[in-house]
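Colleague: I am new to this structure and would like to learn how to read it. Could we take a few features in turn?

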Amino acid sequence: MDLTTNLDSDGKLPNLSSTIEDLRLVANHYQGDCLALLELLRTLEQLHREICESLFLESLPSNRQALYNLLRDIETSGGWPYIQRIKLRSLLDVLSEAAIEHTPDLEDSVRVDGE
């Protein structure tokens with residue numbers, strides 16, 4: 001198994017470049033639309049899972065030399081692909097900060113009778 005057969009000089013699949021650019025355009029189009037971007041991330045995560053659990057597992061090496069080459073490539077080319085999920089605590093912190101920024105001062109919101 002030659003792991004570099006289909007890679008370009010940057011170490012990427014050449015026919016993937018336009019797809020990556022399309023995904024960037026979609027993400028930029030929905031900039032500021034949290035729900036649309038969340039759906040995009042969910043779709044990418046699902047695609048990652050599908051490729052990993054079916055196509056990738058089926059293509060794993062069947063001999064030691066090929067396995068060694070795969071592990072060497074993983075080590076030298078950036079490790080195992082991982083899609084990070086935002087931690088709930090981080091999300092709550094961002095929401096708390098946003099709520100504080102948009103909450104008027106207590107003095108401004110409390111009216112004293114007769115004023």
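Colleague: Let me start with E45. Is E45 buried or exposed?

Modeller: Keep in mind that this is a predicted model. A residue counts as buried when its relative accessible area is under 20%. E45 has a relative accessible area of 18%, so E45 is buried.

Colleague: Where is E45 placed, and which residues is E45 in contact with, leaving aside its neighbours within four places in sequence?

Modeller: E45 sits in helix α2. Once those sequence neighbours are left aside, E45 is in contact with I83 and R85.

Colleague: Which residue forms a salt bridge with E45?

Modeller: To count as a salt bridge, a side-chain nitrogen of Lys or Arg has to lie within 4 Å of a carboxyl oxygen of Asp or Glu. Here the partner of E45 is R49, and the closest N and O atoms are 3.4 Å apart. Both residues belong to helix α2, which covers residues 34–58. R49 and E45 are 4 residues apart, about one turn of the helix. R49 counts as partly exposed because its relative accessibility is 30%, whereas E45 is buried at 18%.

Colleague: How many salt bridges does a search of the whole structure find?

Modeller: The search finds 1 salt bridge.

Colleague: What about cysteines? How many disulfides does the structure hold?

Modeller: A disulfide needs a pair of cysteine sulfur atoms within 2.5 Å. The structure holds 0 disulfides. As for accessibility, C34 has a relative accessible area of 59% and is therefore exposed. C52, at 23% relative accessibility, counts as partly exposed.

Colleague: Now the surface. Which residues form a nonpolar patch there?

Modeller: The patch is formed by L13, L16 and I20, and together they have about 210 Å² of accessible area. L16 lies in the segment before α1, a helix that spans 17–29. With a relative accessibility of 36%, L16 counts as partly exposed.

Colleague: How should I read the chain as a whole? How many helices and strands does its secondary structure come to?

Modeller: There are 5 helices and 0 strands, and along the sequence the pattern reads α-α-α-α-α. The chain has 115 residues, of which 6% are buried. Its accessible surface is about 10,600 Å², and carbon and sulfur atoms account for 56% of that area.

Colleague: What share of the contacts with a separation of 6 or more comes from residues 24 or more positions apart?

Modeller: Such residues account for 47% of those contacts in the chain.

Colleague: Last, confidence. Which element has the lowest mean pLDDT, and which the highest?

Modeller: pLDDT is the predictor's confidence in each residue, from 0 to 100. Helix α5, residues 106–109, has the lowest mean pLDDT among the elements, at 51. The highest belongs to α1, at 94. For the chain, the mean pLDDT is 80, and 78% of the residues reach 70 or more.

Methods:
Residues are numbered from 1 along each chain as its sequence is written. Side-chain values use heavy atoms; hydrogens and water are left out. Patches are made of residues with over 30% relative accessible area and no salt bridge: like charges are joined within 9 Å, nonpolar side chains (Val, Leu, Ile, Met, Phe, Trp, Tyr) within 5 Å. Accessible areas come from the Shrake-Rupley method with a 1.4 Å probe; for residues, only the protein chains shown count as cover. Helices (H or I, at least four residues) and strands (E, at least two) are DSSP runs, numbered from the N terminus. Buried means under 20% relative accessible area, exposed over 50%, partly exposed in between (1.4 Å probe, protein chains only). Contact means heavy atoms within 4.5 Å.
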